[in-house]
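Hi everyone, thanks for coming.

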Amino acid sequence: MKFDGWRAQLSWNRRNLVPRSRQGTPLADAFPELRAADEQLPDRTVLDGEPIVWEDGRLAFERLLDRP
């Protein structure tokens, strides 16, 4: 499902979590919440998708609008 937000890739390799945009722009500062994934992913993992903010049982799209 496409939510019309940020498209991103998240890679985890040798204890290094790297979120990037499709163009390769680092997104770690824009999405510090992704840091929580570092303890949950196996080594050499790559995820491709759309970060979302889920609050009170709904997508909080407005919380994505002020990201750098």
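Let me start with Glu62, which is partly exposed at a relative accessible area of 42%; here buried means under 20%, exposed over 50%, and partly exposed in between, with a 1.4 Å probe and protein chains only. Its partner is Arg58, and the two side chains meet in a salt bridge at 2.7 Å, N to O. By salt bridge I mean a side-chain nitrogen of Lys or Arg within 4 Å of a carboxyl oxygen of Asp or Glu. Arg58 is partly exposed too, at 40%.

A word on the basis: this is a predicted model, where local features need pLDDT of at least 70, side-chain atom pairs count only at pLDDT 80 or more, and totals for chains, interfaces and linings use all residues. Residues are numbered from 1 along each chain as its sequence is written, and side-chain values use heavy atoms, leaving out hydrogens and water.

How many salt bridges are there by this rule? The count is three. Another one joins Arg63 and Glu55 at 2.1 Å, N to O, with Arg63 at 36% relative accessible area and Glu55 at 28%.

Then there is Asp48 with Arg7, at 3.3 Å, N to O. Asp48 lies in strand β3 (residues 45-49) and Arg7 in the segment before β1 (8-13), so this pair ties together parts 41 residues apart in sequence.

Stepping back, the protein chain has five strands and zero helices; these are DSSP runs numbered from the N terminus, with helices H or I of at least four residues and strands E of at least two. Happy to take questions!
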